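This briefing concerns charged side chains, their pairing, and the packing of helices. Please examine the sequence and the model shown here before reading the points that follow.

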Amino acid sequence: MVTSLVYGAIASSALVLGALAGGRLQIPKRVLAAMLAFAAGALICALTFELFEDSYEKGGIWRAALGLLVGAIVFTLVSQRLDRWAEGDVEEDHGSEKLDVDAASADEAPSPASTTGVAGLALLAAVTLDGVPENVALGVSLGDDAAGVALLVAIFVSNFPEALVGSASMRTQGRSQRFILGTWTACAVLLTFAVVVGAGPLANASDETVSLPLAFAAGAVLASLADTLMPEAYEQGGPAVALSTAAGFVLSYFLATL
């Protein structure tokens, strides 16, 4: 229980740190793109070796594949709805409406999704959506210290830039710093509890039962990468983000093999 609380607090603390930074700072767009790409690389490794592979070993290929597809479908459908909800008064030909990197950037003006829409709140909802299965899987992985550390780092490095951008969008919408910090802190508490659930009730479940949430988490993470993180990173940073993605992958793989 104590270990799961510590891991959950560390992973979720990135949300609070990102909210503090995004509520006060503006960062060059290419730096933000590099951060998103690095997170994408770390998550690619984590979902492959710590989520999907574990799901396959515990429940077989059909259970793992079904869980992954369900996770990807659920995240994609909800993400589309959140993008529509995030749109402002002027619809733009933009990647993900909810991830408005311009709101946190020193280089560009925020998009209508932040100035007249609810991009920040929509991104908060998306982070919660894929964060719950991620953190449940982190709790499950605590039986293997190396896997726990690798997944912990991947979650941390993805939470920080998303919270930074989301809180910057909320700031653009005129939200108070108290509101911004309070909502992201509430999300952090929820996701910490998800780690405890994974390390508690699911720890004693059968391998076949545990296989499904692991695969679902892998599918949700994979969909979020394809739907949001990687397209936005490339749009804002260009081909150079490939190097940041590779660096994130190597770090995550190194931690997974310790």
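**Buried charges and helix packing**

Asp 102 is buried, at a relative accessible area of 13%, where buried means under 20% relative accessible area, exposed over 50% and partly exposed in between (1.4 Å probe, protein chains only). The model is predicted: local features need pLDDT of at least 70, side-chain atom pairs count only at pLDDT 80 or more, and totals for chains, interfaces and linings use all residues. Residues are numbered from 1 along each chain as its sequence is written, and side-chain values use heavy atoms, with hydrogens and water left out.

**Salt bridges**

- The count comes to three salt bridges, each defined as a side-chain nitrogen of Lys or Arg within 4 Å of a carboxyl oxygen of Asp or Glu.
- Lys 29 pairs with Asp 102 in a salt bridge whose closest N and O atoms are 3.3 Å apart. This pair links distant parts of the chain, with Lys 29 in helix H2 and Asp 102 in helix H4 (residues 101–104), 73 residues apart; helices (H or I, at least four residues) are DSSP runs numbered from the N terminus.
- Lys 29 is also buried, with 13% relative accessibility.
- Asp 83, Lys 98 and Asp 227 are linked in a network of salt bridges.
- Lys 98 lies in the loop between H3 and H4 and Asp 227 in helix H9 (residues 207–237), so their pair ties together parts 129 residues apart in sequence.
- Lys 98 is buried at 0% relative accessibility, whereas Asp 227 is partly exposed at 25%.

**A buried charge without a partner**

- Asp 54 lies in helix H2 (residues 29–59).
- Asp 54 is buried yet has no salt bridge, and the nearest side chain of opposite charge, Lys 58, is 6.2 Å away; Lys and Arg count as positive and Asp and Glu as negative, while His and the chain ends are not counted.
- Not counting residues up to four places away in sequence, Asp 54 touches Phe 49 and Leu 214, contact meaning heavy atoms within 4.5 Å.

**Packing of H3 and H6**

- The axes of helix H3 (residues 61–86) and helix H6 (residues 119–140) come within 8 Å and cross at roughly 170°. Axes are lines fitted to C-alpha atoms, for helices over the stretch in contact, with angles from 0 to 180 degrees between N-to-C directions.
- H3 and H6 are therefore roughly antiparallel, a term for angles over 145 degrees.
- Residues making the contact include Phe 75 and Trp 85 of H3 and Leu 129 and Asp 130 of H6.

Key
Helix = DSSP H or I, 4+ residues; strand = E, 2+ residues; numbered from the N terminus. Parallel < 35°, antiparallel > 145°, perpendicular 65-115°, else oblique.
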